[in-house]
Amino acid sequence: MGDPVRVTLLGTGTSTGIPVIGCDCRVCQSRDPRDVRTRCSALVEANGVSILIDAGPDFRSQALREGLTHIDAVLITHHHFDHVVGLDDLRPFFFQNRAPIPCFAPPETEEILRRKFDYIFEDRSYPGVPNLSLVRLGESPFTVESRGSDSGVTVTPIPARHGSTPVYGYRVGDFAYLTDTNHIPPASMDLLDGVQVLVLDALRRAPHATHFSLDEAVAVSREVGARETWFVHMTHSVLHAEEDAELPAGVKLAYDGLKLGI
Ligand SMILES: [Zn+2]
Ligand SMILES: [Zn+2]
């Protein structure tokens with residue numbers, strides 16, 4: 001795949017967002033804009049196709065900030081609300097194009113979304129509900145097509161674990177995105193072979209039951225061997241300037257609005 005892939009990190013924070021409401025810690029009070037982290041989401045653009053990964057509670061403000069005008073598909077990593085509760089805010093994207101936006105999800109997530117968002121995916125009797133079509137993924141690569149032309153992009157799901165919750169990362173060309181995980185099984189590590197730019201969950205210094213710590217994420221990044229690894233989903237125990245300076249070469253903390261080219 002020689003086609004360039006462009007990535008915009010729309011949000012890079014943990015489930016509460018940073019600053020945390022009511023918190024007066026040094027990170028929540030920091031004046032460094034890189035310490036302001038909205039909920040995790042990314043825009044991936046390749047071959048004329050615009051793909052949104054997750055749509056959390058900050059999706060509307062992220063879309064306005066980045067001037068998003070078009071989305072061809074949504075890839076959902078898992079059903080946690082900090083990754084899906086912005087799905088309703090996708091409505092403006094089919095004011096121009098009435099075709100439904102496909103929303104790709106791992107099997108367990110697809111089932112849960114169908115229940116949690118029954119007014120979108122099942123009932124549909126209320127006028128003006130979002131026009132999304134939920135697609136249950138297997139583990140094989142699939143094609144995401146442009147809604148306006150006949151171009152397409154191949155996406156490879158990367159199955160992983162987030163504690164006991166199954167989660168999918170996604171690979172497009174030599175870019176891969178893996179949020180909310182603390183275990184990538186060997187078969188999925190094989191799928192990351194040759195990735196040049198990796199976005200990876202790294203919650204904080206201290207270990208956690210469902211997310212990689214900074215040290216664990218550094219070890220995974222070494223194993224993958226990507227040219228660049230960018231950490232996301234950090235809590236308010238991570239002061240950007242301080243922790244970023246401690247990371248080894250090729251590994252950096254991401255921040256909202258960061259743009260990557262592959
Ligand atoms: Zn999350
Ligand atoms: Zn999660």
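User: What's the strand order in the open sheet of seven strands?
Analyst: In this predicted model, the open sheet runs in the order β7-β8-β9-β10-β11-β12-β13, and the pairing is mixed.

User: Which strands stand at the edges?
Analyst: Those are β7 (142–145) and β13 (251–253), and because each has a single partner strand, one side of each is left without a neighbour in the sheet. From one strand to the next, the twist averages 25 degrees.

User: How does β12 join to β13?
Analyst: β12, which covers residues 228–232, runs parallel to β13 and is joined to it by three bridges, with Thr 229 standing opposite Val 251 of β13.

User: Ok, and where does helix α6 lie?
Analyst: Helix α6, residues 214–224, lies across β11 (197–201), β12 and β13, and it runs at about 155 degrees to β11.

User: What does β9 pair with?
Analyst: Strand β8 (residues 152–162) pairs with β9 in the antiparallel sense over seven bridges, and Ala 160 has Val 167 in β9 as its bridge partner. Strand β10 (residues 175–178) also pairs with β9 in the antiparallel sense, over three bridges, where Tyr 170 has Tyr 177 in β10 as its bridge partner.

User: And which glycines in those hairpins have a positive phi?
Analyst: In the hairpin of β8 and β9, with two residues between the strands, Gly 163 takes a positive phi near 65 degrees; in the hairpin that β9 and β10 form, also with two residues between them, Gly 173 in the turn has a positive phi of about 60 degrees.

Methods
Residues are numbered from 1 along each chain as its sequence is written. Chains are lettered from A and ligands numbered from 1 in the order in which they are written. This is a predicted model: local features need pLDDT of at least 70, side-chain atom pairs count only at pLDDT 80 or more; totals for chains, interfaces and linings use all residues. Two strands pair if DSSP finds at least two bridges between them. Helices (H or I, at least four residues) and strands (E, at least two) are DSSP runs, numbered from the N terminus. Axes are lines fitted to C-alpha atoms, for helices over the stretch in contact, and angles run from 0 to 180 degrees between N-to-C directions. Two residues are in contact if their C-beta atoms, placed from the backbone, lie within 7 Å.
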